[in-house]
Amino acid sequence: MSEPIKVLLTGAAGQIGYSLAGMVARGDMFGPNQEVILHLFDLEVMVESLKGLEMELQDCAFRLLKGLVVTHLPEIAFDQIDVALMVGAIPRKEGMERKDLLSTNVKIFKQQGQALDKYAKKTVKVVVVGNPANTNALALMKNAPSIPRENFSALTRLDHNRAQSFIAKRLEVPCDLVKNCIIWGNHSNTQFVDIRYSVVKQGDREIPVTAAINNDSWIKNEFLSAIQKRGAAVIAARKSSSALSAAKSVTDHMRDWWLGTKEYQIIANAPLQVSLVMLSIFTVD
């Protein structure tokens, strides 16, 4: 086995963090032979809850979990990390749009970007989960100038997975037979789900999803609207935002980034290749 990698999980005391920690420790993210040291980070008032998560992770006796760090201090949490799973943010509640979260969360990601810049490895790979993810990722990147821009990404994999699942259900096939869904835009109700290049395996050949569905009206209306509003539907049903599916999508996102995708596979990964012009007009007070 290679040396353990240090994985930071911010907002670790929250619902997504609770689900995600076990997936990382079990090997779902980095493979069955990669040991990990988990850095669990949250607000000081959440430290007791973090200790509960620490005990549960210990009790799971994960073979690949070689260490746990529980802290509310950035200088400890971000110290020499290889991967940053930036989950911690003010959560979206029923009736809220992602733009409502912007002002508060940008301040959080400004501070965490500075910690990332000061303490993390310069090779760290970062995925921002807290919404609005694209904007938060930009704020994080702007405040960590010593880390390459290509090391930052925002989560759109949840929408990718939702689209894949909806198509599979429509065609009555397993999800893994559908591939190459593309998500344009932010993780919001203005996103566009592009399935022009999506294919489904039928027998020994792959055919375009659009041909397999053969219903443009369903694709342009019911399907697109359902994916755009899926998060709101989950909140309305369970009175809380997506947690398990979000954790699974973070795992998928980082696994494919870390280990690589299958040949001829397209995934939604939202890398931040942002121009200097855009950076110059984006300010965080």
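1. Start with Asn-105, which sits in helix 4 (residues 102–119); helices here are DSSP runs of H or I of at least four residues, strands are E runs of at least two, and both are numbered from the N terminus. At 0% relative accessibility Asn-105 is buried, where buried means under 20% relative accessible area, exposed over 50% and partly exposed in between (1.4 Å probe, protein chains only). Leaving aside residues up to four places away in sequence, Asn-105 touches Ala-89, Ile-90, Asn-131 and Asn-136, a contact being heavy atoms within 4.5 Å.

2. A word on the source: this is a predicted model, with local features needing pLDDT of at least 70, side-chain atom pairs counted only at pLDDT 80 or more, and totals for chains, interfaces and linings using all residues. Residues are numbered from 1 along each chain as its sequence is written, and side-chain values use heavy atoms, without hydrogens or water.

3. Now the rings. Phe, Tyr and Trp (its six-membered ring) pair if their centres lie within 6.5 Å, with planes under 30 degrees apart called stacked, over 60 edge-to-face and the rest tilted. That rule gives 3 aromatic pairs. One of them is Phe-30 with Trp-258, edge-to-face at 5.2 Å centre to centre and 80° between the planes. Phe-30 is in the loop between helix 1 (15–26) and strand 2 (36–41) and Trp-258 is in helix 10 (residues 244–259), so this pair ties together parts 228 residues apart in sequence. Phe-30 is buried at 4%, while Trp-258 is partly exposed at 30%.

4. Phe-41 and Phe-78 also pair edge-to-face, at 5.8 Å centre to centre with 75° between the planes. Phe-41 belongs to strand 2 and Phe-78 to the loop between helix 3 (74–77) and strand 4 (83–86), so parts 37 residues apart in sequence are tied together. Phe-41 is buried at 8% relative accessible area, and Phe-78 is buried at 0%.
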